[in-house]
Amino acid sequence: MSRTRESARAIARAIRWKRAWTSMGDGVASARDGCRGVDGFGGTTPGRTTARTTARTTAWTTRMKSSDAADARALRRNIGISAHIDSGKTTLTERILFYTGRIDSIHEVRGKDGVGAKMDSMELEREKGITIQSAATYCQWKDSPINIIDTPGHVDFTIEVERALRVLDGAILVLCSVGGVQSQSITVDRQMRRYGVPRLCFVNKCDRAGANPWKVLSQVREKLKLNAAAVQIPIGLEDQHDGVVDLVRMKAVTFSGSNGETLTWADVPDNLKELAKEKRKVLIESVAEVDEELGDLFLMGEQPTEEQLKAAIRRATVSNQFAPLFMGSAYKNRGVQLLLDGVTDYLPNPSEVKNIALDLKNNEEPVVVADDPSAPLVGLAFKLEEGRFGQLTYLRIYQGKIEKGMTITNTSSGKKLKVPRLVRMHSDDMEDVSSASAGDIVALFGVDCKSGDTFTDGTVNLAMTSMRVPEPVMSLAVSPKSKSDGGNFSKALQRFQKEDPTFRVHMDEESGQTIISGMGELHLDIYVERMRREYKVDCEVGQPRVNYREAITKRADFDYLHKKQSGGQGQYGKVVGYIEPLQESTDVIFENGIVGNAIAPSFIQAVEKGFKEAAQTGGLLGYPVEGIRVVLTDGQSHAVDSSELAFKLAALAAFRQAFHSANPKLLEPIMKVDVTIPSEFQGTVIGNVNRRKGTINDTSADGDDVIVSANVPLSQMFGYSTELRSMTQGKGEFTMEYSAHQAVTQDVQAELINSMGKK
Ligand SMILES: Nc1nc2c(ncn2[C@@H]2O[C@H](COP(=O)(O)OP(=O)(O)OP(=O)(O)O)[C@@H](O)[C@H]2O)c(=O)[nH]1
């Protein structure tokens with residue numbers, strides 16, 4: 001990577017991260033963070049470490065000591081595996097664990113063999129064959145220690161994908177050789193882009209009828225706009241799929257043995273020679289476009305050596321300008337070992353990724369953290385797990401070293417604590433370790449913190465930027481069917497909130513009902529189901545409700561005096577100013593525009609607090625107000641009777657006064673919906689989307705299927721999965737993702753206010 005490109009990337013990252021940090025607000029620092037709800041640790045007691053794993057850990061440590069430390073550090077990889085639902089991530093991870101010696105036998109998803117895949121450790125995950133929560137594990141491929149986070153595919157669990165990508169250095173984007181680039185592939189690719197994560201593409205399921213990796217490659221280039229090229233070509237497809245030709249080495253590889261563990265290298269078969277030559281040329285051209293060294297060779301008409309080509313692919317991938325495309329079949333054990341070679345050959349090690357922290361002592365100035373074990377410790381708690389033995393905190397170490405027994409400081413709370421126990425996670429099993437250093441991902445036991453907190457050794461006051469946490473868009477009223485289940489009901493809700501920041505619980509003051517909120521119907525259904533299975537609580541579930549928001553459309557002035565001066569301690573506070581809509585932001589911004597000391601500076605903070613609190617409950621239906629600036633221009637205080645409380649109350653009342661004059665409107669969540677259906681159902685599905693007040697954005701053909709993309713109000717999407725099933729004889733599929741909040745029409749607003757009244 002050239003210096004200019006490197007520094008441009010660093011600056012862009014710093015700006016992006018700074019932006020993410022400042023826009024995050026309190027949402028991230030909520031105590032609701034966390035994630036897996038593994039009910040304990042699969043029978044593993046805290047101190048348990050198997051003889052097999054101990055031997056392996058010792059061997060690894062010895063190897064680390066004997067090799068040159070810098071070289072060993074260059075071998076580390078932190079990777080994620082992301083994809084559309086059912087593309088085969090869990091199946092692929094199971095093979096990776098097998099080939100790296102982490103597990104002794106391969107088990108299939110959905111517990112087909114009565115055991116279930118290692119990474120789907122929740123009962124529900126095994127039953128439904130979907131990954132709900134991300135699971136962390138590590139393994140070693142050749143000399144490279146690799147941390148892997150398996151991430152869920154369903155959009156309702158997007159927060160899991162976001163969290164994983166934030167702390168990973170590289171990723172594998174799994175694509176189905178038949179389905180190609182599907183809606184969720186686009187979403188996870190967007191997330192990888194947001195966090196600047198370099199990726200390899202793996203076209204899986206090449207054994208399936210209709211497999212076409214070349215169609216998938218062109219979709220990757222067109223739909224994801226990635227500069228991608230195949231580094232392999234398939235040897236046979238569908239039931240003839242036997243292996244691949246490696247275009248860098250120009251060798252054919254086939255896989256045999258009961259688990260595909262034996263690789264046979266041979267010359268490229270005659271019938272594939274021409275194709276291999278042609279595709280290698282495309283590979284070289286694509287990399288040469290973005291890599292100066294290879295570009296020079298290309299211009300001089302020279303053929304790169306295997307090493308030159310490999311090094312160029314690595315540089316281009318690490319700098320996020322190229323995505324090498326691998327292919328195979330995880331299920332039939334084809335190609336996974338070469339993909340692992342790709343991880344070590346082409347994805348960055350932690351020192352090749354520039355990570356920025358914010359210096360809390362210096363106005364949150366971005367500083368680059370050093371991937372150096374001897375520097376002061378900086379680690380990010382990116383995921384919490386509430387298990388049988390207490391809270392487990394996943395920590396990505398960015399700088400320095402953490403040791404068992406050492407005192408660390410949480411920079412967001414200022415609290416110091418001793419590291420009681422340090423473990424490496426392997427899905428729901430764990431191994432004790434005594435230390436971990438920059439670039440590692442480990443878990444801490446018995447540490448009370450929130451997801452997104454930064455830990456240091458106390459000598460620096462840095463904060464790693466945190467993860468974006470989307471606001472919930474949907475709510476349900478829930479209550480236990482039996483009164484005697486009340487205790488377990490609250491316990492479950494408390495735990496789920498700690499685990500998942502996108503799952504919230506509140507009490508509706510008027511009805512006294514418990515309301516749960518989340519990212520969609522499936523998200524909330526899963527929690528209701530988990531309550532039944534894990535806490536034995538059957539719930540009464542109310543009608544789903546949309547989380548509206550409120551906004552203003554014009555400027556309005558306020559001039560409010562809060563005065564109570566009869567008897568006892570008086571109250572006096574006057575605030576004058578205006579509120580106005582923000583065009584490009586959903587934030588609530590307060591500005592003090594007072595020149596002079598009309599209000600004593602010590603009360604300004606109370607005024608701000610009052611306005612921000614008032615904005616949490618809009619004047620139409622009581623939903624939070626977004627996209628508003630409050631400007632304080634004047635006021636008055638009283639030498640004796642003014643207090644923080646008086647000014648806060650003045651601000652609360654002033655906001656209500658101005659809100660109604662600012663032409664407020666109600667905003668509803670709009671979802672981006674992608675429906676995939678056999679083409680004969682296109683008319684019916686489009687008609688139905690129109691009836692649901694949706695706007696069709698695009699329809700595209702995908703083989704015999706049609707993909708209809710639309711924006712539909714969430715309020716119109718309840719029960720859609722059942723209706724789609726019956727409309728399409730069970731052949732339709734859809735995904736839904738929050739897009740934005742948009743104003744409802746005047747008549748809908750009037751109707752809602754009529755029917756719901758003020759909350
Ligand atoms: N034919 C074929 N089937 C596969 C292959 N890989 C996975 N499958 C099957 O595809 C289905 C989905 O596989 P999973 O591994 O659960 O996919 P996933 O991406 O982890 O799914 P989610 O966790 O729900 O997002 C399962 O029935 C697998 O057996 C493959 O290479 N070939």
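Helices α9 and α10 are oblique to each other, a word used here for angles that are not under 35 degrees (roughly parallel), over 145 (roughly antiparallel) or 65 to 115 (roughly perpendicular). Helix α9 covers residues 270-288 and helix α10 residues 292-299; they pack at about 125°, with their axes 8 Å apart. Axes are lines fitted to C-alpha atoms, for helices over the stretch in contact, and angles run from 0 to 180 degrees between N-to-C directions. Helices (H or I, at least four residues) and strands (E, at least two) are DSSP runs, numbered from the N terminus.

Before I continue, please note that this is a predicted model, in which local features need pLDDT of at least 70, side-chain atom pairs count only at pLDDT 80 or more, and totals for chains, interfaces and linings use all residues. Residues are numbered from 1 along each chain as its sequence is written.

Which residues of α9 and α10 meet? From α9 they are Ile284, Val287 and Ala288, and from α10 Leu294, Gly295 and Phe298. A contact requires that the C-beta atoms of two residues, placed from the backbone, lie within 7 Å. By class, this contact has five nonpolar residues, one polar and no charged. In that division Ala, Val, Leu, Ile, Met, Phe, Trp, Tyr, Cys and Pro count as nonpolar, Asp, Glu, Lys and Arg as charged, and the others, Gly among them, as polar.

Four strands form an open sheet in the order β7-β8-β9-β10, and the pairing is antiparallel. Two strands pair if DSSP finds at least two bridges between them. At the edges stand β7 (232-235) and β10 (262-266), each of which pairs on one side only. On average, and with direction ignored, neighbouring strands of this sheet are turned by 25° against each other. Between β7 and β8 (residues 243-246), which run antiparallel, there are four bridges.

Most residues other than glycine have a negative phi, and most peptide bonds are trans. Met250, however, has a positive phi of about 55° although it is not a glycine. Met250 is located in the loop between β8 and β9 (251-256). Is Met250 buried, exposed or partly exposed? Met250 has 15 C-beta neighbours inside 10 Å and therefore counts as partly exposed. The cut-offs are 20 or more other C-beta atoms within 10 Å for a buried residue and 12 or fewer for an exposed one, with partly exposed in between; C-beta atoms are placed from the backbone.

Lys142 is another non-glycine residue with a positive phi of about 55°. Its loop lies between β2 (135-141) and β3 (144-150). Lys142 counts as exposed because it has 11 C-beta neighbours inside 10 Å.

Helix α13 (residues 486-499) packs with helix α14 (residues 521-535) at an angle of about 125°, and their axes are 10 Å apart. That angle makes α13 oblique to α14. From α13, the residues in contact are Asn488, Lys491, Ala492 and Phe496; from α14, they are Tyr527, Met531, Glu534 and Tyr535. Five of these residues are nonpolar, one is polar and two are charged.

Next comes a hairpin. It is formed by β26 and β27, with six residues between them, and Gly512 in the turn has a positive phi of about 75°. Strands β26 (residues 504-507) and β27 (residues 514-518) run antiparallel and are joined by four bridges. Met507 stands opposite Thr514 in β27.

One further open sheet has three strands in the order β13-β12-β24, with antiparallel pairing. Its edge strands are β13 (365-369) and β24 (462-464), each pairing on one side only. Here neighbouring strands are turned by 45° against each other on average, direction ignored. Three bridges join β12 (residues 355-359) to β24, and Asp359 has Leu462 in β24 as its bridge partner.

I close with the protein as a whole. How many helices and strands are there in the protein? There are 19 helices and 38 strands. Of the 759 residues, 47% are buried. Among contacts with a separation of 6 or more, 73% are between residues 24 or more positions apart.
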